Amino acid sequence: MFDLERWQEIFETLRKNKLRTFLTGLSVASGIFILVILLGFSKGIENGVKSQFEQDATNRISVWTGVTTKGYKGLNPGRYVQLKNSSFESVERKYDDYFEYRSKDYMIWGGTVTYKNESGNYRIRGTLPDNQFIENADIGYGRFVSQLDLADKKKVAVIGNKMKKDLFKEEDPIDKNIQIFGVNFKVVGVFYDPGGDREESQVYIPVTTAQQVFNAGDNIRNMSFTVNMADNFDEAVAQSTAIAQGIETQIKELHTVAPDDQSAVRVNNTLEEAQKIYSLIATIQAVFWFVGIGTIIAGIVGVGNIMLIIVKERTKEIGIRKALGALPMSIVGMILQEAVFVTIFAGLFGLIFGLGLLELVGPQIDSDFIKYPQVDFNIALTTVFILVIAGAFAGFIPAYRAAKIKPIVALRDE
Amino acid sequence: MIQIKDLHKSYHMGSNSLHVLKGINFNVSEGELVSIMGSSGSGKSTLLNILGMLDEADSGQYILDGVPIKNLNEKIAAKYRNEFLGFIFQSFNLINYKSALDNVSMPLYYKGIKRKERTDKAMHYLEKVGLAEWSHHLPSELSGGQKQRVAIARALASEPKVLLADEPTGALDTKTSYEVMDLIQGINDEGKTILVVTHEHDIAQMTKRIVNLKDGVIIDDSKVEQVRALTHV
Ligand SMILES: Nc1ncnc2c1ncn2[C@@H]1O[C@H](COP(=O)(O)OP(=O)(O)O)[C@@H](O)[C@H]1O
Ligand SMILES: [Mg+2]
């Protein structure tokens, strides 16, 4: 293997058979190249899908209520289940250790908001400070609703960026007064939401203020929580599913709702949604691996084929070499060493070319579903070596058979 | 140098079997130049291939330079071929992508000789066959006679005990044939044992002894007055 004379002989053979060397190299290099690009784009799609669904916190549990559809304990169906501050507090008390963020909202689906001569219809949400994190709202200017606002029932508003653009144009909205249903609120912040215009067409105010201004007493419309993530994704799903079910049971008991009433109390667990997305990503990865492994197999078959042709083409030469005193193993060694050398060289070339192209083209790709295509260098390198080793094995059989051919057979004139 | 006793060889093709050599007996001493004659298909090549250990006899005895040749495995056959024998073929059998010089140094590579010495030696033998200036040419750039000279240089390079030539002039015109025979005679003059297979009488007359093969047996084996090839050129 490390015999210098042998290597000299091999280099000479390769140099003097440039076309053969080139074609072998090309097929290996293009196989690896395609593989790298494939793996790169699969990673890109994974990144894209992830970022598409990362806009809302993925471990969120929200509770909504509606009208009962079943009679229960003497109560008639058709009754609206009204969540109260106390409902929120009892849930909070029971599961506080598991929660990361908590919020109760009092919401008006649409209300007129006016600034000077501009006005529009927006969703108005009384909320708690934590909601900033539950909704993934980014504060662009100013601040979000604070504990102090809440305690003092301050008339402050945090408006979405869309609202800001509608009502204030280029003007700085901070500390300006807007009218919500004719009541003056001071703008203290502007938020961005990855959910876009729809999410940015709302205004947050303290929930206590909302309850007071809209005469809602201690009614709330819904509540939402985020659950601390367990390390293991499946564990996280199990835990958060259990909590969601616990909350549903608790609320139903509290408000005397039949346990099997589907529409009166709805607890939505987004972690389950996230799991669907994770399994979608896993499927995409599996598909690409499948295609990738197929490419490798095709590559191995290709290398094996090339070896077969090379050996066939060199049968006479092998006969001559044997007549001159070559040992069978030295023939096998020669053919394999040549093949392995060419495959490694070409494989690394294809690898570098593929990685280079991804590096170059990756940042140019601007699609929601493909982001930052990239390949783990180690994975790519491993595939090159798998191809080389497998190629050597595929080449061993024809090389061995050729070395076994009797010289007279190989030398026979035809 | 070569002792052969009751050598048999058959080829089997499916259910047919062809008995090619039916008990060959003959000896060759050191320094002889022997031609093996016979019509096409008489088994000349078969005999030469067995002598060259490219093929094996079914039965019989073969002693080469005091070494009994039997139960050859690939490894030993390769070693003997490399040490004892030089081959010259009708179709030259040069490696087409290697220069004349590299072709000649090939057997030396398998002897395990270092590159520098290989090149020196190969060059020496190319000079001997008169092709020093053509050392860097590929076989495709050489004439038939030149190719056969390269092949002869290659056969000589490993300094074998016996040269085996199977129709060395079969692919050459008369003039070139005689030039090649002149070269072979010169090598024999220096003491090398040489066996030449041919079916041409004029070529056979240029050796010192003619062995006539027919239907798998030797029908005639007699010394001849050697005709020097040079007188014809
Ligand atoms: N490998 C082989 N398999 C089968 N038959 C063979 C083989 N080699 C030679 N023969 C047959 O053996 C006979 C002798 O062949 P050969 O020794 O080449 O004759 P020559 O060299 O005298 O022309 C021929 O009939 C030929 O067809
Ligand atoms: Mg013949």
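**View 1. The largest nonpolar core of the predicted model**. This core has 74 residues, and those touching the most other members are Ile2(B), Ile4(B), Phe26(B), Leu47(B), Leu51(B), Leu64(B) and Leu195(B). Helix H12 of chain A (residues 328-361) supplies the largest share, 10 residues. A nonpolar core is a set of buried Ala, Val, Leu, Ile, Met, Phe, Trp, Tyr and Cys residues joined through side-chain atoms within 4.5 Å; buried means under 20% relative accessible area (1.4 Å probe, protein chains only). Helices are DSSP runs (H or I, at least four residues), numbered from the N terminus.

**View 2. Surroundings of Ile2(B)**. Leaving out residues up to four places away in sequence, Ile2(B) touches Phe26(B), Asn27(B), Val28(B), Leu51(B), Tyr62(B), Ile63(B), Leu64(B), Val162(B) and Leu195(B). Contact means heavy atoms within 4.5 Å.

**View 3. A second, separate core**. This core has 44 residues, including Ile124(A), Ile220(A), Ala244(A) and Ala264(A).

**View 4. The site of ligand 1**. The ligand is surrounded by 13 residues (a heavy atom within 4 Å), of which Arg412(A), Gly41(B), Lys44(B), Ser45(B) and Thr46(B) are the closest. Because these residues come from chains A and B, the site is shared between chains.

**View 5. Polar contacts of ligand 1 (pairs of N or O atoms within 3.5 Å)**. Oxygen atoms of ligand 1 lie 2.8 Å from a polar backbone atom of Gly41(B), 2.9 Å from a backbone N or O atom of Lys44(B) and 2.6 Å from a polar side-chain atom of Ser45(B). Of the 560 Å² of accessible area that ligand 1 has on its own, the protein covers 68% (Shrake-Rupley method, 1.4 Å probe).

**Notes.** Residues are numbered from 1 along each chain as its sequence is written, chains are lettered from A and ligands numbered from 1 in the order in which they are written, and side-chain values use heavy atoms, with hydrogens and water left out. In this predicted model, local features need pLDDT of at least 70 and side-chain atom pairs count only at pLDDT 80 or more, whereas totals for chains, interfaces and linings use all residues.

Technical notes: Buried < 20%, exposed > 50% of the residue type's maximum accessible area, 1.4 Å probe, protein only. Helix = DSSP H or I, 4+ residues; strand = E, 2+ residues; numbered from the N terminus. Polar contact = N/O pair within 3.5 Å; in protein donor to acceptor, adjacent residues only side chain to side chain.
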